[in-house]
Amino acid sequence: MPLDPAFTGRSYPPSQPYDVSREKIREFADAIGATSPAYRDAEAAKALGHRDVIAPPTFAIVVSMKTNETVMFDPELELDYSRVVHGDQSFTHHRPITAGDQLVCVAHIDAITSRMGNDMVTVRTEIGTVEGEPVTTARSMLVVRGEDA
Amino acid sequence: MTPKVVTEVGTELPALSVRLKRDDLVRYAGASLDFNPIHWNEKTAKDVGLPDVIAHGMLTMAVASRIVAEWIGDPGAIVEYGCRFGRPVVVPNDDEGALVDVTAKVTKDFEDGTVKVNINASFAGKSVLTGAFARVRVS
């Protein structure tokens with residue numbers, strides 16, 4: 001059954017704050033083989049003008065995961081998770097995610113479209129500090145493969 | 001901070017080759033909290049019609065971002081990064097794993113202190129990320 005385009009514009013309540021730690025950043029940097037000292041050494045990060053160690057450009061996916069799951073498992077949306085494929089992803093960083101940040105995510109459904117039997121859902125997650133400073137805008141396009149696709 | 005590298009349009013970034021093996025996928029699953037079994041369990045992968053276990057698209061995307069971060073020096077200069085997931089990177093259970101080759105080139109000067117870098121990531125001779133790009137602050 002195709003997704004109802006009427007869900008376009010739907011927004012979700014803010015997430016619980018996510019505490020960004022130096023250790024989680026280091027663990028993520030290790031897992032992607034990234035070598036930059038700015039991910040590991042607070043002094044090196046400060047020399048580049050950052051407050052503390054910063055996170056790699058795709059780390060926001062970890063911060064927003066629970067929020068994206070809220071959308072994916074939204075019972076009203078009736079999205080068949082077993083047919084979901086990650087179509088595309090982008091991040092706009094208003095500033096780098098930095099150790100010590102307490103980040104809140106708010107998800108919005110920006111678009112629901114259908115093409116060749118597949119549904120495409122675009123989810124925009126606005127990530128900002130608990131103080132209200134915008135940090136990252138993450139956009140994910142999920143493809144829900146049709147029954148015959 | 002002004003980077004120490006040439007950022008003119010047409011500049012090719014130093015190429016990067018990254019080998020992804022099963023343990024890398026397990027490590028990324030743990031670090032990213034994405035435990036979808038198609039990224040570590042052959043049976044599940046084959047049950048859903050994949051040839052074998054595949055790397056997380058987000059791992060390939062993260063690995064490809066390194067070419068820009070390592071070139072520019074300050075990863076905080078990457079103000080935008082995006083791609084489409086074109087093909088999966090298939091990772092067999094052996095010592096070779098899968099080799100992902102990453103190349104990139106400065107393609108546009110936005111004339112606001114940022115440039116566009118187009119990124120190509122390929123596996124077994126075929127592109128795996130489509131339209132991958134980063135917008136990078138250079139001044």
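**Group meeting: a two-chain predicted model**

Setting aside residues up to four places away in sequence, Ala99(A) is in contact with Val20(A), Ser21(A), Arg22(A), Ile25(A), Asp52(A) and Val53(A).

Where does Ala99(A) lie? Ala99(A) belongs to the loop between β2, residues 84-93, and β3, residues 102-115, of chain A. Is Ala99(A) buried or exposed? It counts as buried, because 21 C-beta neighbours fall inside 10 Å, and the threshold for that class is 20 or more. One further pair deserves mention: His50(A) is 49 residues from Ala99(A) in sequence, while their C-alpha atoms are 9.9 Å apart in space.

Chain A contains 3 helices and 5 strands, and their order along the sequence is β-α-α-α-β-β-β-β. The C-alpha atoms of chain A occupy a box of roughly 55 × 30 × 20 Å along the principal axes. Chain A has 149 residues, of which 35% are buried. Of the contacts in chain A with a separation of 6 or more, 71% involve residues 24 or more positions apart.

I turn to chain B. Here there are 3 helices and 6 strands, arranged from the N terminus as β-α-α-α-β-β-β-β-β. The C-alpha trace of chain B spans about 50 × 30 × 25 Å along its principal axes. Chain B has 139 residues, and 45% of them count as buried. For chain B, 62% of the contacts between residues at least 6 apart in sequence join residues at least 24 apart.

Next, the interface. How many residues of chain B are in contact with chain A? There are 28, and they meet 28 residues of chain A. On the chain B side, the elements giving two or more residues are α1, α3 and β2 (78-85). Of these, α3(B) gives the most, with 10 residues. Sorted by class, the side of chain B that touches chain A holds 17 nonpolar, 5 polar and 6 charged residues.

One helix pair spans the two chains. The crossing of α1(A) with α1(B) is left-handed. In this contact, Glu27(A), Phe28(A) and Ala31(A) from α1(A) meet Arg27(B), Tyr28(B) and Ala31(B) from α1(B). By class, the contact comprises 4 nonpolar residues, no polar ones and 2 charged ones.

Finally, the nonpolar interior. In soluble globular proteins, nonpolar side chains tend to be buried together. In this model, the largest nonpolar core has 79 residues. Which residues have the most contacts inside it? They are Val68(B) and Ile119(B). Helix α3 of chain B, residues 57-72, supplies the largest share of this core, namely 11 residues. As for Ile119(B), leaving out residues up to four places away in sequence, it touches Ala64(B), Ile67(B), Val102(B), Ala104(B), Leu129(B), Ala132(B), Phe133(B) and Ala134(B).

How values were computed:
Residues numbered from 1 in each chain as written. Chains lettered and ligands numbered in written order. Predicted model: local features only at pLDDT ≥ 70, side-chain atom pairs only at ≥ 80, totals over all residues. Helix = DSSP H or I, 4+ residues; strand = E, 2+ residues; numbered from the N terminus. Buried ≥ 20, exposed ≤ 12 C-beta atoms within 10 Å, placed from the backbone. Contact = placed C-beta atoms within 7 Å. Left-handed = near helix turned anticlockwise from the far one by under 90°. Nonpolar A, V, L, I, M, F, W, Y, C, P; charged D, E, K, R; others polar. Core = buried A, V, L, I, M, F, W, Y, C linked by C-beta atoms within 7 Å.
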